[in-house]
Amino acid sequence: MNEQLLTKVRKLYQNEKFKLDAFFFCGSPTGTPNEGLIEACERYLEAAQRGGTVDAEAAALIAEMETAACRAQQEARAADTADSRADIGEILVRKEELY
């Protein structure tokens, strides 16, 4: 597993958690938090930390990111302060390294 890619997944998770916190606690217009992506990142990061195989978690994470990428393209929110599209794109380009 590539440490650089793992760092990107952590950053993606933190950005989505920020959107969740800002959306619910501050009413900040950071975009709608993607709870499915947050959960997939959490499961992947926990599995990676435990060591061993992460195949199921990687597949679920990739599926959530692909869904989020499609949704982000359709919505094209230029005003997001915590926009995850770039991170998702960078991770998806190297998705094979998640396994």
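Set aside its neighbours within four places in sequence, and E66 is in contact with L92 and K95 (contact means heavy atoms within 4.5 Å). Residues are numbered from 1 along each chain as its sequence is written, and side-chain values use heavy atoms, leaving out hydrogens and water.

**The overall picture**
- The protein has four helices and zero strands, giving the pattern α-α-α-α as you read along the sequence. Helices (H or I, at least four residues) and strands (E, at least two) are DSSP runs, numbered from the N terminus.
- Of the 99 residues, 37% are buried. Buried means under 20% relative accessible area, exposed means over 50%, and partly exposed is in between (1.4 Å probe, protein chains only).
- Take the contacts between residues at least 6 apart in sequence: 64% of them join residues at least 24 apart.

**How confident is the prediction?**
- The mean pLDDT of the protein is 82, with 76% of residues at 70 or more (pLDDT is the predictor's confidence in each residue, from 0 to 100).

- E66 sits in helix α3 and is partly exposed, with a relative accessible area of 33%.
- E66 and L92 are 26 residues apart in sequence, but their C-alpha atoms are 7.6 Å apart in space.

**The nonpolar core**
- The largest nonpolar core holds 24 residues, and V9, L37, Y44, L61, M65 and L98 have the most contacts inside it. Such a core is a set of buried Ala, Val, Leu, Ile, Met, Phe, Trp, Tyr and Cys residues joined through side-chain atoms within 4.5 Å.
- At least two residues of this core come from each of α1 (3-26), α2 (35-50), α3 (55-75) and α4 (85-93). The largest share, eight residues, belongs to α2.
- Beyond residues up to four places away in sequence, L61 touches V9, L37, A40, C41, Y44 and L98.
- In soluble globular proteins, nonpolar side chains tend to be buried together.

- E16 lies in helix α1 and is buried, with a relative accessible area of 3%.
- Not counting residues up to four places away in sequence, E16 touches P33, N34, L37, I38 and S84.
- A polar atom of the E16 side chain is 3.1 Å from the backbone nitrogen of N34.
- Y13 is also found in helix α1; apart from neighbours within four places in sequence, Y13 is in contact with I38, C41, E42 and L45.
- Y13 and N34 are 21 residues apart in sequence and 9.9 Å apart in space, C-alpha to C-alpha.

**Cysteines**
- A search of the whole structure turns up zero disulfides (a disulfide is a pair of cysteine sulfur atoms within 2.5 Å).
- C41 is buried, at a relative accessible area of 0%, while C70 is partly exposed, at 45%.

Conventions
This is a predicted model: local features need pLDDT of at least 70, side-chain atom pairs count only at pLDDT 80 or more; totals for chains, interfaces and linings use all residues. A polar contact is a pair of N or O atoms within 3.5 Å; within protein, one must be able to donate a hydrogen and the other to accept it, and residues adjacent in sequence count only if both atoms are side-chain atoms.
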